[in-house]
Amino acid sequence: GKTIVHRKCPKVYIPNTGTDNEMYGYTLVECACLIIDFVREDAGVNTPVHDILNYILVDTKNCDYCVPIDEEKIGELGVQLLDLSLADDNTKSCADQQRTPCKSAQLNPLKLAEVLLSLGS
């Protein structure tokens with residue numbers, strides 16, 4: 001926790017896309033709060049959120065998440081939700097053979113790297 005807090009860089013949480021058994025039953029806000037609480041166990045209970053977590057990155061257009069995403073509640077924590085294109089636009093048809101786009105279970109590592117680098121500048 002102390003190491004995270006003392007780093008002078010953006011602190012970013014990227015939730016897993018698709019199904020994540022460790023997140024089952026939680027909302028995205030609750031997942032962020034768990035991270036904040038765990039860091040505070042080592043860094044101190046009065047550590048400001050902005051020293052622990054600055055951004056949560058999601059791509060709700062191209063990806064499915066197993067947890068509810070509530071931008072307003074995330075903002076109330078003092079964390080910025082960035083809903084950006086992080087996965088490839090999927091133009092394949094779904095398994096049901098309809099011509100509807102499927103959502104991806106994987107983020108594009110190059111897109112993700114570009115976003116992470118832009119946050120640090």
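**Exercise 1.** Is F38 buried or exposed?

*Solution.* The model is predicted, so local features need pLDDT of at least 70 and side-chain atom pairs count only at pLDDT 80 or more, while totals for chains, interfaces and linings use all residues. Residues are numbered from 1 along each chain as its sequence is written, and side-chain values use heavy atoms, with hydrogens and water left out. Residues count as buried under 20% relative accessible area, as exposed over 50%, and as partly exposed in between (1.4 Å probe, protein chains only). With a relative accessible area of 54%, F38 is exposed.

**Exercise 2.** Find the helix that holds F38, and describe its span.

*Solution.* Helices are DSSP runs of H or I with at least four residues, and strands are runs of E with at least two, numbered from the N terminus. F38 belongs to helix α2, residues 28-43. The 16 residues of α2 reach 22 Å from the first C-alpha to the last, close to the 22 Å expected at 1.5 Å a residue, where the expected span is 1.5 Å times one less than the number of residues.

**Exercise 3.** Which residues of α2 are buried, and how are they arranged?

*Solution.* The buried residues of α2 are L28, V29, C31, A32, I36 and V39. Seen down the helix axis, they fall within an arc of 165 degrees (taken from the directions from the axis to the C-beta atoms), so they line one face of α2. On the other side of α2, F38 and E41 are exposed.
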